[in-house]
Structures are given as C-alpha cells and as structure tokens.
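The following note sets out comments on the model shown below, in numbered points.

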Protein chains: 2
Amino acid sequence: MLTKDEIELLTNHLTFWNNLTYKQKDTFMDHTSVNFYKKDSSIHTADLDCVGLLLPKNGTLRVYILSDEGREITLYRIRPGDVCVLSAACVLHTITFDISIDAVTDCELLQVDSPAFSALMQENIYVEAYAYKKVTERFSDAMWTMQQILFMSFDKRLAIFLLDETAKTGSHSLKMTHEEIARYMGSAREVVSRMLKYFSSEGLVQISRGEILITDRKKLLTLV
Amino acid sequence: MLTKDEIELLTNHLTFWNNLTYKQKDTFMDHTSVNFYKKDSSIHTADLDCVGLLLPKNGTLRVYILSDEGREITLYRIRPGDVCVLSAACVLHTITFDISIDAVTDCELLQVDSPAFSALMQENIYVEAYAYKKVTERFSDAMWTMQQILFMSFDKRLAIFLLDETAKTGSHSLKMTHEEIARYMGSAREVVSRMLKYFSSEGLVQISRGEILITDRKKLLTLV
C-alpha cells in the first residue's frame with residue numbers, strides 16, 4: 001500500500017493523472033511499489049527486463065550508455081521531482097538503444113511495473129503522449145551531453161577559465177556571477193549557467209549565490 | 001490545393017488522421033503546402049523559424065547538428081515514407097537543441113506550417129502523442145549515430161558507411177569525395193583518406209577521383 005505522500009508524488013508528477021479513469025488510477029497504484037537501492041548498485045541494464053517507470057522519493061540515479069569495451073557516457077541524472085521513463089524503454093517501441101541506470105546515492109524509488117504501464121499506455125492516449133514527451137526531454141539532455149563531448153569546446157574553455165581565475169587569487173573560490181563569467185568568455189549567461197550546473201552535478205564545483213567553489217580541481221584539470 | 005495523391009500521402013503517414021475532426025482535417029490540409037528545394041540547399045537552420053512538419057514526396061533530406069566551429073554531424077536522413085518532426089522543433093517545447101536540415105537531392109516536400117501544427121497539437125492529444133513518438137524514433141537514430149562515433153573504431157564505421165551507401169543504390173561504387181564522406185561521418189577528410197588508403201592497400205576498395213569502388217565486399221563485411 002502506498003502512503004498518502006507517495007500517492008501525492010504520483011499524482012503531482014504524472015500530468016496525465018486526471019485523464020485516467022478510476023479503474024486506471026487503481027491499476028496504477030496497485031502496480032506501483034516502493035523500492036530501495038544501495039549507492040552504486042545497478043538498477044537497470046541492457047540485459048535485464050526493464051524495470052518500469054521510476055520516480056525517486058529521494059536519491060539520485062545516473063542514466064548512461066555503455067560501449068562493448070566498457071566505456072561509459074553519462075547522459076543525464078534523475079533526482080526527486082524527475083521521472084525516469086527510459087527505464088521503461090521495453091514498452092516504448094521507438095526506443096531501440098540500450099541504457100544502463102545506477103544508483104548514485106542510496107535511493108528510495110516509486111516503481112510502476114512495465115506490463116501495467118504498457119497496458120495503460122495502450123488504453124489511454126494521455127499516458128502514451130506523456131511517456132513520449134518525457135523521452136524527448138531526455139533526448140535534449142542526451143544531445144547536449146553528446147555535443148559537449150563531440151564538439152568539446154565550452155566545457156574545456158570554462159574549466160580553463162575557472163582554473164586560471166582561481167590560480168590568480170590562490171583561492172579555491174571564485175566570486176563572480178554567471179553573467180560576469182559569460183561576459184569575460186564572450187558567451188551567454190544561460191550557456192555558463194548550464195555548464196556550471198553540469199560541473200556541479202559531476203562534483204567538480206559547488207555553486208552558491210555569486211560564488212563558485214572548486215571542489216575537485218584534479219578532475220577539472222582532466223577536462224583541459 | 002493538394003492533389004489526391006498528396007492527400008493520400010498525408011492520411012497514410014499521419015497515424016492520427018482518423019482521430020481528427022472534420023474541421024481539424026480541413027485546417028491541416030489548408031496549412032499544408034508543396035515546396036521544392038534544390039539539391040544542397042538549406043531547408044532549416046537554428047537561426048530561422050522552424051519550417052514545420054515535412055513529408056518528402058521525393059528526394060532525401062539530411063538532419064545534422066553543427067558545432068560553433070562549423071563541424072557537422074549527420075544524425076539521420078529523411079526519405080519518402082518518413083516524416084520529419086524535428087523541423088517543427090519550435091513547437092515541441094521539450095526539444096532544446098538546434099538542428100539543421102539540408103536537401104541532399106532535389107526535393108519535393110509536403111510542408112505543414114508550424115503554427116497550424118502547434119495549434120492542432122494543443123487541441124488534439126492524438127497529434128501530440130504522434131509528434132513526440134516520432135521524435136523518440138529520431139532519438140534512437142541519433143543515439144545510434146553517436147554510439148558509432150563515440151564507441152566504434154573508425155575502420156568499422158567507414159566499412160559500415162560504404163556498405164550502407166552502396167546497398168542503398170544497389171551499386172558497387174560510391175560517387176562521393178573524401179570530404180563529403182567526412183562530413184557525413186562527423187570526421188575529418190584526412191582521417192577518411194587515410195583509412196580509404198588502408199582499405200585500398202588491403203584490396204577492399206579501389207579509389208579514383210570522386211569515386212570509391214568496392215572490390216571485396218565479403219572482406220569489408222568482416223570488419224563490421
């Protein structure tokens with residue numbers, strides 16, 4: 001049985017909720033379980049049946065692709081407030097690539113099983129539209145990551161900038177707004193903010209108002 | 001006015017057609033035009049308003065991303081029977097990356113303008129589900145391309161490219177310059193030339209000006 005908070009999590013994030021029949025809402029809740037995953041454990045791999053829709057109550061997931069030789073590329077992360085749809089890729093017939101999902105931290109997840117989600121997608125066009133729309137958000141995230149890797153310019157440039165500026169002051173922290181950094185680098189504030197957010201999610205920096213703290217100088221240097 | 005064949009093209013490929021009201025069908029047809037594009041002309045760029053939904057009557061389109069330095073990576077191609085949805089990216093609010101679209105050959109396209117398509121997406125959930133589902137197909141294509149580039153050794157990638165391209169035309173010969181192949185593969189001309197020279201020394205291909213002849217298809221296949 002789901003708690004009141006858990007039901008609220010479902011109804012708040014699944015924008016199709018009000019377009020479900022009472023019966024469909026019941027099915028949905030009956031097929032939703034709460035699962036715990038330990039830090040660094042594998043939640044989903046290409047070889048296993050897909051685990052279904054995931055909504056983190058707490059913790060962070062990492063979605064990545066894996067080469068035959070074991071090389072990994074992180075596409076994006078999933079946190080409370082996000083919904084992971086690619087973990088239900090087996091029911092999205094247009095998704096033909098394999099992804100893996102790990103728990104970055106200890107996680108508590110609401111998990112809607114794949115067969116039930118698949119049946120609801122087929123029955124209810126709002127569920128189908130929601131699922132595919134969510135996937136396209138992740139398409140944008142994945143393309144952004146790919147462009148960083150393939151075109152390799154701005155992450156490198158920003159890393160160099162942060163290292164240079166902090167080297168000048170001998171401090172680990174840089175007191176500049178994103179707007180100021182953008183101006184120095186001949187870029188746009190949004191571009192700087194987005195990359196800093198990415199750096200932060202990778203544990204390279206910590207961002208607070210008007211200040212950037214370098215938390216992993218060594219890893220930042222590997223970008224350069 | 002659309003011809004009978006053109007209306008058939010719309011109704012056959014747009015799987016939501018039977019879920020439109022009569023009025024919506026009329027709107028759809030009223031906002032669909034037939035447009036011609038010359039070989040190598042640009043159909044869509046990041047800077048321009050998006051052109052809307054595209055359905056090729058004939059010809060081939062190339063969808064690619066472009067780096068600040070002008071490097072191109074072809075994500076996929078669109079041919080008759082396909083529908084291009086990313087050309088309507090401006091009405092898909094979850095798509096935040098920029099793409100460019102060129103005409104690979106002379107093209108004749110059915111083009112549904114963006115404002116009309118956007119309005120229909122908002123009015124009719126079946127249109128919305130269709131649009132996002134189509135985008136996720138392209139997500140799979142793009143991920144495949146990215147994995148080729150990021151994970152695969154170049155000899156394997158070039159072998160696949162030569163086999164794919166010649167399979168399309170049913171010929172043993174490919175009429176493309178090394179520069180053009182590099183552009184399609186998101187690589188550099190020198191890299192392509194070097195690998196082709198290696199293939200040639202291995203007796204896999206014969207290279208002449210502007211043409212590559214596959215001389216040992218079987219051996220080329222062993223690379224894949």
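1. In chain B, strand β4 (residues 61-66) pairs with β5(B) in the antiparallel sense over six bridges; two strands count as paired if DSSP finds at least two bridges between them. Helices (H or I, at least four residues) and strands (E, at least two) are DSSP runs, numbered from the N terminus. Within this pairing, Y64(B) stands opposite T74(B) of β5(B).

2. The model is predicted: local features need pLDDT of at least 70, side-chain atom pairs count only at pLDDT 80 or more, and totals for chains, interfaces and linings use all residues. Residues are numbered from 1 along each chain as its sequence is written, chains are lettered from A and ligands numbered from 1 in the order in which they are written, and side-chain values use heavy atoms, leaving out hydrogens and water.

3. The open sheet of chain B has four strands in the order β2-β6-β4-β5, with antiparallel pairing.

4. Helix α4 (residues 125-151) of chain B lies across β4 and β5 of chain B, at about 140° to β5(B). Axes are lines fitted to C-alpha atoms, for helices over the stretch in contact, and angles run from 0 to 180 degrees between N-to-C directions.

5. At the interface, 34 residues of chain A are in contact (heavy atoms within 4.5 Å) with 32 residues of chain B. Zero salt bridges are counted between chain A and chain B, a salt bridge being a side-chain nitrogen of Lys or Arg within 4 Å of a carboxyl oxygen of Asp or Glu. On the side of chain A that touches chain B, α4(A) gives the most, with 19 residues.
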